[in-house]
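Dear colleague,

Please find the structure below, handed over for your records. A short account of the findings follows it.

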Amino acid sequence: MTERTTAREHVAAWMEKYQAAWTSNKPEDIRALYTEDARYETRPHDPQAWQRQDGIVDGWLAARDEPGDWTFSWELLGTDGDTAFIQGVTTYSGERPTYDNLWVLRLDQSGRASAFTEWFMERP
């Protein structure tokens, strides 16, 4: 990315598509979020990161949430070049916990993620 504002320009649309994929769990929706060579880390320095589109789809579907079992809210904390920093809250239905999330998202020129790292912590 050549402009510092590019991540900022793409992040809202990417987040909308992410939540749609989270709801649908359709492989094509998940795949569309990421570049072919993307890396998805479910924690920083993840030794078992989901790699490439097919690996991300496989990992996502193995850990999927069902539609209607969760709500999610988010706020853009800031951007730096191609990187966006997002704070979120995931609330699950029933007796399941609520999580605070911090995401680091790297976007390419087309608005697709080349790298995604998440931190999540259960609320007490």
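The notes below begin with the basis of the model, then turn to the whole chain and to one residue.

This is a predicted model, in which local features need pLDDT of at least 70, side-chain atom pairs count only at pLDDT 80 or more, and totals for chains, interfaces and linings use all residues. Residues are numbered from 1 along each chain as its sequence is written, and side-chain values use heavy atoms, with hydrogens and water left out.

The protein chain contains 3 helices and 6 strands (DSSP runs, numbered from the N terminus: helices are H or I of at least four residues, strands E of at least two). From the N terminus on, their order is α-α-β-β-α-β-β-β-β. The radius of gyration is 14 Å, close to the 14 Å that the globule rule gives for 124 residues, so the protein chain is as compact as a globular protein of that length (taken over C-alpha atoms; the rule is 2.2 Å times the number of residues to the power 0.38). Buried residues make up 40% of the 124 residues (buried means under 20% relative accessible area, with a 1.4 Å probe and protein chains only).

Thr-117 lies in strand 6, residues 113-122. Its relative accessibility is 11%, and Thr-117 therefore counts as buried. Not counting residues up to four places away in sequence, Thr-117 touches Glu-41, Arg-43, Pro-44, Leu-102, Trp-103 and Val-104 (contact means heavy atoms within 4.5 Å). With Glu-41, the link is also a side-chain to side-chain polar contact of 2.9 Å (a pair of N or O atoms within 3.5 Å, one able to donate a hydrogen and the other to accept it).

Conventions: Buried < 20%, exposed > 50% of the residue type's maximum accessible area, 1.4 Å probe, protein only.
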